Amino acid sequence: MTNRDDMTLTSSGFYVSQEAPIRADNPVPTPSVPAPDILRCAYMELVVTDLKRSRDFYVDVLGLTVTEEDGDAVYLRSLEEFIHHNLVLRQGPVAAVAAFSYRVRTPEDLDRAVAFYSELGCRVERRAEGFTKGIGDSVRVTDPLGFPYEFFHDVEHVERLAWRYDLYTPGALVRLDHFNQVTPDVPRATKFMQDLGFRVTEDIQDQDGTVYAAWMRRKPTVHDTAMTGGNGPRMHHVAFSTHEKHNILAICDKLGALRMSDAIERGPGRHGVSNAFYLYLRDPDGHRVEIYTQDYYTGDPDNPVVTWDVHDNQRRDWWGNPVVPSWYTEASLVLDLDGNPQPVVERTDSSEMEVTIGADGFSYTRADDEAGSYRGQASKGFKIGNQL
């Protein structure tokens with residue numbers, strides 16, 4: 001349950017506390033062995049149904065660099081990356097995610113990953129030669145939440161192109177920033193990720209203690225992954241960073257010029273959560289890609305946890321703009337280690353979209369503005385949920 005007495009209300013309208021105010025009713029047991037020491041999210045392996053069409057989107061439109069390719073897969077990286085890839089596009093029959101991949105600090109952390117997940121009874125596979133080109137000894141697991149995770153240390157180095165300004169486009173993507181996962185039970189997922197060594201930076205709750213989403217990090221930014229409440233396990237999005245806001249606007253202009261504006265699902269805008277500037281796109285298979293920039297440092301051990309009220313209509317968009325329904329309801333399937341889609345479990349807790357009517361309807365900008373049938377700025381009419 002949320003205890004607002006343990007939080008401080010800031011002048012920006014959200015709460016802060018020293019510990020993540022999230023409790024799981026049905027936690028995954030905590031293993032007795034140490035977790036692997038995770039450095040950062042490193043790459044995602046996406047299964048796509050038309051490899052050429054997907055390559056055109058990620059390379060010709062978004063500007064990712066091809067490290068290597070063959071008839072079955074394309075290995076892509078961002079401009080500042082020095083490991084082999086940040087994204088694998090692999091041809092397959094069903095659009096889905098094959099792996100959320102994390103780099104670990106030492107080769108011995110792979111042994112720790114095997115022991116950690118084996119104690120939980122998870123399926124674990126290890127390949128000394130790796131599961132993809134450019135990656136060495138690796139461990140893949142199906143975690144207790146149903147997601148396919150990979151851990152690796154050994155990797156092939158490639159040239160970091162940060163100084164190759166002749167290769168930069170106006171919308172240059174410079175880093176892989178984070179994943180976002182959809183799960184029915186956010187507190188359970190959060191507790192498990194904390195056991196894996198992640199720290200919560202932000203979350204969305206209501207006054208009854210229902211948790212709608214939580215952001216967690218290993219590197220010192222807002223997140224390496226987030227758990228969003230919904231039917232799952234599914235992948236909500238993979239996010240790449242740009243240097244500046246204007247890079248995101250350039251991507252929008254490019255998509256418009258190519259008559260591809262329908263690839264823009266949401267934004268551009270600024271998040272309340274993370275404080276970052278954002279744009280959400282859908283690739284040819286419907287996989288969601290976020291373009292993201294300018295969040296904040298979280299590396300201190302006493303970094304405060306930010307808690308947003310689910311009814312604050314600035315949490316998802318700082319300017320209070322509506323969130324399209326597809327952003328809440330649609331997501332990518334994830335695969336088991338045999339390449340089969342994982343069954344999707346329905347969320348039983350309240351839906352963020354339903355309780356906020358698209359994050360604009362009967363929510364508020366200032367809680368003390370609540371009155372009558374509509375609350376706060378929604379009473380003006382132009383931010384009512386009639387878009388739904």
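Reply: The model is predicted. A search of the whole structure finds 21 aromatic pairs. One of them joins phenylalanine 100 and phenylalanine 179 edge-to-face, with 5.4 Å from centre to centre and 75° between the planes. This pair links distant parts of the chain, 79 residues apart: phenylalanine 100 lies in strand E7 (residues 96–104) and phenylalanine 179 in strand E11 (residues 175–183). Both phenylalanine 100 and phenylalanine 179 are buried.

Strand E7 also holds tyrosine 102, which pairs with phenylalanine 151 of strand E10 (residues 148–152), 49 residues apart. Here the rings are stacked, with centres 6.5 Å apart and planes at 25°. Tyrosine 102 has a relative accessible area of 0%, so tyrosine 102 counts as buried. Phenylalanine 151 is likewise buried, with a value of 0%.

As for the record, the unreviewed UniProt entry annotates "domain: VOC" over residues 40–154 and 175–294. Residues 40–154 are 20% helix and 41% strand, with end C-alpha atoms 14 Å apart. For residues 175–294 the figures are 19% helix and 46% strand, and the end C-alpha atoms lie 12 Å apart.

Finally, a charge over a ring: the charged end of arginine 266 sits over the ring of tryptophan 327, 4.6 Å from the ring centre.

How values were computed
Residues numbered from 1 in each chain as written. Predicted model: local features only at pLDDT ≥ 70, side-chain atom pairs only at ≥ 80, totals over all residues. Heavy atoms only, no water. UniProt positions renumbered as here; feature names shortened; annotations may be inferred. Helix = DSSP H or I, 4+ residues; strand = E, 2+ residues; numbered from the N terminus. Phe/Tyr/Trp six-rings, centres within 6.5 Å; stacked < 30°, edge-to-face > 60°. Buried < 20%, exposed > 50% of the residue type's maximum accessible area, 1.4 Å probe, protein only. Lys NZ or Arg CZ within 6 Å of the ring centre and 35° of its normal.
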